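Subject: Structure handover

Hello,

Please find the structure below. My notes on it follow.

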Amino acid sequence: MFTHEGICQSIEELWNQPMTPGSVHVLANLMYIKAHRKDIPEEKTWVHKNSEGHGLTRDMAMEWTRKMQNADGTTGPHWTMEKTEEARAQRGINCEPLAFWVAMNMIYSDYAKVAEKVNANNMDFYVYMARAFLEDKDARNQGVEKLGRYYEYVVN
């Protein structure tokens, strides 16, 4: 879940930075959520946290995607949450929507140039790569927990 405090803080941080296409997407998402969601708690909440304390908060996800240095030279998330949620739902992929949004943007950020080189630069490629990342059977942790560990040990 988002927290009210985290949303307000993220909006304030974005306003104080130069605008990029990625930051505009994030800002639009945050402002929409702040204006329309009435179920956002005031305290910090986790999307998922295991007994060892590993997980991913929405604030962590927003910070991570906002700072992505994409292979195509852009910064920030390539897709909005609404777009990735639409793609996830259309294909019947059952996972946490925030995790899917982060995974799709991470795959785009790291592999857009490769996808372009092999003529795979399309929505299906990124959707199924994100799904494969989240459902990796070889990984000790899957889904949101895997993203939380990836953020903690690789990104941060």
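The structure holds four aromatic pairs. A pair here means rings of Phe, Tyr and Trp (its six-membered ring) with centres within 6.5 Å; planes under 30 degrees apart count as stacked, over 60 as edge-to-face and the rest as tilted. W79 and Y108 pair edge-to-face, at 5.3 Å centre to centre and 75 degrees between the planes. This pair links distant parts of the chain, 29 residues apart. W79 sits in the loop between α3 and α4 (81-90), and Y108 in helix α5 (residues 97-117). Helices (H or I, at least four residues) and strands (E, at least two) are DSSP runs, numbered from the N terminus.

W79 and Y108 are both buried. Buried is under 20% relative accessible area, exposed is over 50%, and partly exposed lies in between (1.4 Å probe, protein chains only). Y108 also pairs with Y126: the centres are 5.4 Å apart and the planes at 55 degrees, so this pair is tilted. Y126 lies in helix α6, so the pair ties α5 to a part 18 residues away in sequence. Y126 is buried too. Ring pairs join W79, Y108, F125 and Y126 into a cluster.

A word on sources and confidence. This is a predicted model: local features need pLDDT of at least 70, side-chain atom pairs count only at pLDDT 80 or more, and totals for chains, interfaces and linings use all residues. Residues are numbered from 1 along each chain as its sequence is written, and side-chain values use heavy atoms, with hydrogens and water left out.

Mean pLDDT (the predictor's confidence in each residue, from 0 to 100) is 79 for the chain, and 75% of residues reach 70 or more. Confidence is highest in helix α6 (residues 123-134), at a mean of 94, and lowest in strand β1 (residues 46-49), at 46. Over residues 41-53, pLDDT stays under 50. Where pLDDT is low, the predicted coordinates should not be read in detail.

Helix α3 (residues 58-66) is mostly covered, with seven of its nine residues buried. Among them are M60, M62 and W64.

On the surface, W15, M19, V24 and M31 form a nonpolar patch with about 400 Å² of accessible area together. Areas come from the Shrake-Rupley method with a 1.4 Å probe; for residues, only the protein chains shown count as cover. W15 belongs to helix α1 (residues 4-15). W15 counts as exposed because its relative accessibility is 52%.

Best wishes

Methods. Patch = residues over 30% accessible without salt bridge, like charges linked within 9 Å, V, L, I, M, F, W, Y side chains within 5 Å. Salt bridge = Lys/Arg side-chain N within 4 Å of Asp/Glu carboxyl O. Contact = heavy atoms within 4.5 Å.
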